[in-house]
Amino acid sequence: MKFQIDKTDGNARACTIQTAHSTIQTPIFMPVGTVGSVKSLDAKDVMEEVGAKIILGNTYHLYLRPGDETIRHFGGLHGFTKFPYSFLTDSGGFQAFSLSDISKADQNGITFKSHIDGSTHYFTPEKVLDIQYNFNSDIMMILDDLVALPATKERIALSIQRTTDWAKRAIAYHLRKKAEGIGTHQNIFAIIQGGTDQEFRRISANELCELPFDGFAIGGLSVGEANREMYDTVEFVTPLMPTHKPRYLMGVGTPEDLVENVERGVDMFDCVMPTRNARNGSLFTSFGKISIKNAKFALDENPIDPECDCLTCKHYSRGYLHHLYRAKELTYFRLASIHNLHYYLHLMAQMREAILQGSFAAFKAEFYRKRGN
């Protein structure tokens, strides 16, 4: 992976990441393709209508179905899904957190039961990488120990100890595999934990960032804490991260979260929000969210967002989208998802341009002005 900083504006960064499959200009939002598909869209939609150069796949879900050996048979995720650009795959640590009633962590890894058939599986730092080698993902996240907030200091301390121990095992294993000719074009990111406690975050960042990972993520946020706590934590952590490697904030978030955290020096984001909200009738616009299910849109001839040039806004009215949603027509999910993801990626492109022009503060002020803030 090649990484370069093209311009900074305050702490905000415009960078370029080059993987084996695509060139990615940051700040970037990665659409979530949990099981090898961005919900309701195909690879052509994601490439041509959304404009994504990288999407996220879920190691836990893809391991259970269809299985990493099946994906390897098709030539990895690129051959299987026909999305030719980059994939980032997470490690399964978040699923251990979100499915905590069917998972249990110990010092060596995470035991979990399949939510599909109840079968028992065990993820270790090494096994998670073996799965991702079969995926041939461009960026592999390592196994981490994520905790819900609020949490006791004892639980957070255990989390960062496990995360560091697993990171050391993961990087050693990856270097051995690369020496064997496996995963030579794949990159590996560590995940900084520590809740919203600055001292724990400092410990986690210092321990991980001295290891030779290709990039670093901030994990364990947007899991129950207030927005201000998230922003303060990111603001504290980013200066502890290497400037010459990508910075990724996992699982975040709203358009406001993206703007605030780009300002604090984050390069990469992912979240299910744009597609999940689309399916539930909530559409993002330059002036805030609208609920297309609202009866007031039934006769509205305007596009979702007059400032948007996505496929949906160029061709269809709010009234039509309102009808499709109320009729539970499947076409609605595609058109709404294209719009929301296009909005997110266009927002990132606008921020990149503002950074390149040295006008990020003015961009942020205008972003909030349109929302009436």
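Which element supplies the largest share of the lining of the second largest pocket? In this predicted model, that share comes from helix α14, with six residues.

## The second largest pocket

The second largest pocket has a volume of about 310 Å³, and 14 residues line it, with Q25, I28, G51, L345 and A349 lying nearest its centre. Besides α14, strand β3 (23–25) supplies at least two residues of this lining. Divided by class, the lining of the second largest pocket holds seven nonpolar, five polar and two charged residues.

## Packing of α14 against α15

Helix α14 (residues 330–357) also packs against helix α15 (residues 360–370), their axes coming within 8 Å and crossing at roughly 145°. On the α14 side the contact is made by Y343, L347, Q350, M351, A354 and I355, which meet F360, F363 and F367 of α15. This contact of α14 with α15 comprises eight nonpolar residues and one polar residue, with no charged residues.

## The setting of S204

S204 lies in helix α8 (residues 198–209), where the residue counts as buried because its relative accessible area is 0%, under the 20% cut-off. Leaving aside residues up to four places away in sequence, S204 touches I160, I192 and Q193.

Definitions and conventions
Residues are numbered from 1 along each chain as its sequence is written. This is a predicted model: local features need pLDDT of at least 70, side-chain atom pairs count only at pLDDT 80 or more; totals for chains, interfaces and linings use all residues. Side-chain values use heavy atoms; hydrogens and water are left out. Helices (H or I, at least four residues) and strands (E, at least two) are DSSP runs, numbered from the N terminus. Buried means under 20% relative accessible area, exposed over 50%, partly exposed in between (1.4 Å probe, protein chains only). Contact means heavy atoms within 4.5 Å. Axes are lines fitted to C-alpha atoms, for helices over the stretch in contact, and angles run from 0 to 180 degrees between N-to-C directions. Ala, Val, Leu, Ile, Met, Phe, Trp, Tyr, Cys and Pro count as nonpolar, Asp, Glu, Lys and Arg as charged, and the others, Gly among them, as polar. On a 1 Å grid over the protein atoms alone, a cavity is a set of points where a 1.4 Å probe fits but cannot get out, and a pocket is an open set with protein on both sides within 12 Å along at least five of seven lines; lining residues have an atom within 4 Å of a point. Grid points are joined across faces, edges and corners, and a volume is the space filled by probe spheres set on the points.
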